[in-house]
Amino acid sequence: TRTLDLAVIPGDGIGPEVIGEALTVMRAAVGESLEVRETHYPLGASHYLATGEILSDDTLAALGQHDAILLGAVGGDPRDPTLAGGIIERGLLLKLRFALDHHVNLRPTRLYPGVSSPLASPGDIDFVVVREGTEGPYVGNGGAIRVGTPHEVANETSVNTAYGVERVVRFAFAEAERRRKKLTLVHKTNVLVHAGSLWQRTVDRVAAEHPEVRVDYLHVDATMIFLVTDPARFDVIVTDNLFGDIVTDLAGAVGGGIGIAASGNLDPSGAHPSMFEPVHGSAPDIAGRGIADPTAAILSAALLLRHTGHPEAAERIERAVEADLASRSGAEARSTEAIGASIAAAVRQYS
Ligand code: NAD
Ligand code: IPM
Ligand code: MN
C-alpha cells in the first residue's frame, strides 16, 4: 500500500473538534488503499500560553518534511489582550505559509444542491478564488513611528513582485483552462496604481498565451456587489493576499456558510508540503460545545487527498458531503460528531 505522511495541526477552539471529524472521514475514504501516517503537532494559542512556543525552527523543519499538512484553526479570542497583535496568526499560520512558499491560496466556492444561500436568487455559484499567499501587506514590513503620540505614523506596505504576481497569475490561468475558461482579476487599480499596474500588465501578458480564456477585471469594491447580486458570473478570481482574504469570507457566506468553506495553501512546485485548512477560524464563540460544522475541514481533507494524488478518495468525500448537505434543509441541527459520522458513513458506501 501507498503511504501518506500527514502532519496534523488541530490548533485552537473548534480546530481540534472539526479536525477530529475530518480525520475520521479521511480514514474512511482511503480504506486499505492508502496508509495515512499521522503526526500531530500541538501548536496554537493554547500551546503558546502553556509552553511559550509559537513555532520553533525545529518544528518548522519537521513540518516541512511531511507530504501535506492538515490544519484546523489557530488563534484565540480576538478580544484576549494576551494574544494581541496576531502573534499566533503571524508567528504560526503566516509563518508556515511563507516558509513553505504557499503562494497559491486556493479557495473554491460552490453552492451545493439543497444548500440554502443567504441570497434570494443565488443562481449557479461555482467559482474558485486564487489568492496570492506570500506577498501583499501580509509580509509585515511596515512600521510605525511616534507611537502613542498625536503625530503617530503607522505604515503597512504591500509587497508585489513581478515574480510573485506572475506565478500566481499563471496558476490562475491554468485553473481557468481546466474550468469554464473565465478569469477575473480583482484589484483596486484606480487607487493602488503601482501594484495595480503590475497585476494588470501581468494578466494581460499571460492572457496572450491563453486565447481561450475570457479575461475580466473588477475593482474589489464592485466585486462585493457582484458576489451578492450575480455570483454566477465568476469562474476563476485571481487577486492579492489581502483582497483575497476578504473576498473569500464573503464567498464562503454566499456559498452556504463559512462552516463549509475549504481551502488549500499550495506550493504547486511540490518543493514544500501544501497545507489544507478551513477558511474559518477557531470560533471562540462556539468552541467546546460540539456544535461547529466540520464540513469545511472535511472538504479541506478532500482537497488534500486530490493534491497528493488520491483523486478517487477525494471524490468519495465530495460525493458524501454533497449527499449530506442535500439532506440538511429543514432538518434538526446536528452536532459536529453527528455530521462527521454521517459523512463517514456515506463515504464507506462509495468505497
Ligand atoms: P471565525 O471564522 O473563527 O468566526 C466567525 C464566525 O463564524 C463566528 O460566529 C463563528 O462561530 C462562526 N463559525 C466559524 N466556523 C464555524 C463552523 N465551522 N461552524 C459554525 N460556525 C462557524 O473568525 P474570528 O472570530 O474572526 O476569528 C477567531 C480566531 O480565529 C482569531 O484568533 C482569528 O485570528 C483566527 N483565525 C484563524 C484562521 C486560521 O487558522 N486559518 C482563520 C480565520 C481566523
Ligand atoms: C484566513 C485567515 C488568516 C488570513 C489570518 C488568521 C491570518 O483570516 O486564513 O483567511 O488573513 O489569511
Ligand atoms: Mn480570512
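## Two domains

In this predicted model, 24 Å separate the centres of domain 1 and domain 2, taken over C-alpha atoms. Domain 1 covers 1-103 + 260-351 and domain 2 covers 117-255, with bounds that come from an automatic or database domain assignment. Where the two touch, domain 1 puts in eleven residues and domain 2 puts in 13 residues; contact here means that C-beta atoms, placed from the backbone, lie within 7 Å.

On the domain 1 side, the largest share comes from α4, with four residues. That side splits into five nonpolar, three polar and three charged residues. (Ala, Val, Leu, Ile, Met, Phe, Trp, Tyr, Cys and Pro count as nonpolar, Asp, Glu, Lys and Arg as charged, and the others, Gly among them, as polar.)

## A note on the model

Residues are numbered from 1 along each chain as its sequence is written, while chains are lettered from A and ligands numbered from 1 in the order in which they are written. Since this is a predicted model, local features need pLDDT of at least 70 and side-chain atom pairs count only at pLDDT 80 or more, but totals for chains, interfaces and linings use all residues.

## Helix α4

Let's look at α4 itself. Its buried residues are Ile 88, Leu 92, Leu 93 and Leu 96 (buried: 20 or more other C-beta atoms within 10 Å of the residue's own, all placed from the backbone). Among the elements covering them are α2 (45-51), α3 (57-63) and β12 (274-278). Helices (H or I, at least four residues) and strands (E, at least two) are DSSP runs, numbered from the N terminus. After α4 comes Asp 101, which has a positive phi, near 55 degrees.

## The two ligands

What sits around ligand 2? Gly 75, Glu 89, Leu 93, Leu 94, Asp 245, Val 279 and Gly 281 do, each with its C-beta atom, placed from the backbone, within 6 Å of the ligand. Helix α4 (residues 87-99) gives the most to this shell, three residues.

Ligand 1 has 22 residues around it, and the closest are Gly 75, Gly 259, His 280, Gly 281 and Asp 293. Its shell holds twelve nonpolar, six polar and four charged residues.

## A pair of helices

Helix α1 (residues 15-30) and helix α11 (residues 336-350) have axes that come within 8 Å and cross at roughly 10 degrees. Axes are lines fitted to C-alpha atoms over the stretch in contact, and angles run from 0 to 180 degrees between N-to-C directions. So α1 and α11 are roughly parallel, a label for angles under 35 degrees. Their contact has eight nonpolar, three polar and four charged residues.

Notes
Angles under 35 degrees count as roughly parallel, over 145 as roughly antiparallel, 65 to 115 as roughly perpendicular and the rest as oblique. A residue is buried if 20 or more other C-beta atoms lie within 10 Å of its own, exposed if 12 or fewer, and partly exposed in between; C-beta atoms are placed from the backbone.
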